[in-house]
Amino acid sequence: MQEQQLYPVSASSGQEALIDQRQYRAMYQLSIEQPVRFWAEQANCIDWIKPFSEVRDCSFDRQDLHIDWFRDGYLNVTANCLDRHLVAMGDKTALIWEADDPDESHRQISYRELYNDVCRCANGLLELGVSKGDIVTIYLPLLPETVVSMLACARIGAVHCVVFGGFSAEALADRIEDSQSRWVITADHSLRAGQQIGLKGNVDAALGRCAGNCVEKVVVVRRSGAAVAWHPQRDIWFSDLLAGQAEHCAPAVMAAEDPLFVLYTAGSANRPRGLVHSCGGYLVYAAITHRYVFDCQPDDIYWCTADIGWITGHSYVVYGPLANGASTLLHEGVPGYPDISRWSQLIDKYKVSIFYTVPTVIRSLMVHGNAAIRGTDRSSLRLLGSVGEPINPEAWQWFYRVFGRGRCPVIDTWWQAETGGIMIAPLPGATALKPGSATLPFFGVEPALFDGAGNRVEGEGEGYLVIRGSWPGQARSILGDPGGFYEAYFSQCPGYYFTGDGARRDADGYYWLSGRVDEVINVAGHRLSSSEIEKALVTHRSVLEAAVVAYPHAIKGQGLYVFVTLCADQAADEHCRQDLVEWLRLQIGGIATPDVIQWAPSLPKTLSGELVRRVLRKIAYDDCDHLGDISNLADPDVLQHLIANRVRPSPGV
């Protein structure tokens, strides 16, 4: 039935959008049949110091793995994000920054002002001894200084490594050690929901853990003004770094395949993987996906709610929008502070027209109903976007009908840190929408499905999602581990990029993502996707969120342990429990009958809204003494409640 819910392109979107349905079909066909011609044309979206003559040279073979795009071209990423806009729109707002506290003054920074700050910061970094190719760690909250620091590194050819400000000192130390970074840019504190979080203290603790203490300088943004420990020979205030510096810094001439940044993936039990992204291909891909997927127009006020510590923040808070000359909003705080309508208020305050967020936020707003939108009209919105996980159809409908007042297409995007930019998503003027589906591939992206036996699935069907061939935004390697890069992404299906996600393709060719293939539970020989069960649960009228993990079962091998957060008006009683059991049997089948249902006031998540599934597995396995690093949980009390109320099932029942 979900596949029959088709929302056609509206007349206004079709007439006003950059790409209509006919153009999408023609451009997509060209991108697949003549990729060299297509990408040579698209690469003109940026300015090249020396134009390229070779578009691509890529191989996914074990003995010759390489991914090169525009290899003999030269450019500077920061010059493309700032310099080229100065003549025509130097006074246009580049960044709007809204503080955590609504009573604190906000900031609007023009392209010319941002250029001046970036050049001053770049000159300061040069004085500290930072050179082309050096890696600089950035451990900051969502501040203008974070954007300035990234662009300053790119200005001089340094490689930035942004670490999410919610990570612990231990996680930060791992990344500093692995990247062998000698410079760290941080803040005294970050502010979230009125609380101070000591970032400088975490840096000090991290450096105490690093072998050889390789870091030479720590640059500190004064955010809270509260006292912090200080090492005069090592530490320097960000304001002092910029003081007296010239407001011009010549941009370094960078080869297209020179590295732009390293970004570490999260959630691995092993040491984190530092994905390397290059200058030329990444910027081309970030720019055109931002422009076409969000139909970005010159007068748009664009808001991607992601933290810059994640790839979404890199591509769709910083590089994509600024390369396109957009005005982009940064909000330091969280959606529910000081009240649940804060983000709706900000949309009205700044006349936001494009709003890109995660399903977790959408569901958290949805559960509050009218309170989330009270006193606001959100009439400036013309496009809504979703990222990070498959959005359940009920949340999609609420986002579309209530939050967007039935006027704004919902652009559900699928992509990864490894892809650099959006891979599957509707285009607002070209693609009819299906709630819960990421719909169709972006230009140059050729998805395929393989079953468990390694056979390609043709037409309608489901399996492992892979991508045939390369695209410019693709990560180039894992820092210091090229062999691991092949094993992680290219060994499973030779000749294809292995995404690690499962998907279904319907009769219309639309893609429905089903979650990570490593989240598969084997119940009595039947392979069940935890994501599929979770999606079925959240379609029940009583369920707000759900998570499913395995636990050891003597008879079936693995049993289903289900954590359920109910809607506010639903009692957590035996009647509800039985109702959910019958619902799963109806939606999936008897094999999906849960063995354990534990009521959860909320689910354990990071500050960026990602579910920390590994701690749920520990609870289900009754192994709560070995939870690992939980310092980045948004609300540690949630975890303690789940542990205190965990169910200890008989392993043979």
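Leaving aside neighbours within four places in sequence, Leu 114 is in contact (heavy atoms within 4.5 Å) with Leu 82, Ala 94, Leu 95, Ile 109, Val 148, Leu 151 and Leu 322. The model is a predicted one, in which local features need pLDDT of at least 70 and side-chain atom pairs count only at pLDDT 80 or more, while totals for chains, interfaces and linings use all residues. Residues are numbered from 1 along each chain as its sequence is written, and side-chain values use heavy atoms, with hydrogens and water left out.

Leu 114 belongs to the largest nonpolar core, which has 154 residues. A nonpolar core is a set of buried Ala, Val, Leu, Ile, Met, Phe, Trp, Tyr and Cys residues joined through side-chain atoms within 4.5 Å. Buried here means under 20% relative accessible area, exposed means over 50%, and partly exposed lies in between (1.4 Å probe, protein chains only). The residues with the most contacts inside this core are Phe 70, Leu 114, Leu 151, Tyr 319, Leu 322 and Phe 443. Helix H11 (residues 280-293) gives the most to this core, with nine residues; helices (H or I, at least four residues) and strands (E, at least two) are DSSP runs, numbered from the N terminus. A second, separate core of 29 residues includes Leu 346, Leu 381, Trp 396 and Trp 398.

Strand E8 (residues 183-187) shows how a strand can be covered: five of its five residues are buried. In a regular strand the side chains alternate between the two faces of the sheet. Both faces of E8 are covered, with Trp 183, Ile 185 and Ala 187 buried on one side and Val 184 and Thr 186 buried on the other. Two strands pair if DSSP finds at least two bridges between them. Strand E6 (residues 135-139) runs parallel to E8 and is joined to it by four bridges, and Tyr 139 has Thr 186 of E8 as its bridge partner. Five bridges join E8 to strand E11 (residues 217-221), also in parallel, and Ala 187 has Val 221 of E11 as its bridge partner.

The backbone geometry of several loops also deserves attention. Most residues other than glycine have a negative phi, and most peptide bonds are trans. Gln 180, in the loop between helix H8 (169-179) and E8, has a positive phi of about 55° although it is not a glycine. Gln 180 is exposed, with a relative accessible area of 65%. Ala 193 likewise has a positive phi of about 55°; Ala 193 is found in the loop between strand E9 (190-192) and strand E10 (195-197) and is partly exposed, at 30% relative accessible area.

Ala 193 is also one of the residues touched by Val 334, together with Asp 100, Arg 192 and Trp 343, not counting residues up to four places away in sequence. Val 334 is found in the loop between strand E17 (327-331) and helix H13 (342-350). Val 334 is buried, with a relative accessible area of 18%. Val 334 and Gly 194 are 140 residues apart in sequence and 9.9 Å apart in space, C-alpha to C-alpha. The loop between E17 and H13 also holds Pro 338, and the peptide bond from Tyr 337 to Pro 338 is cis, with omega near -5°.
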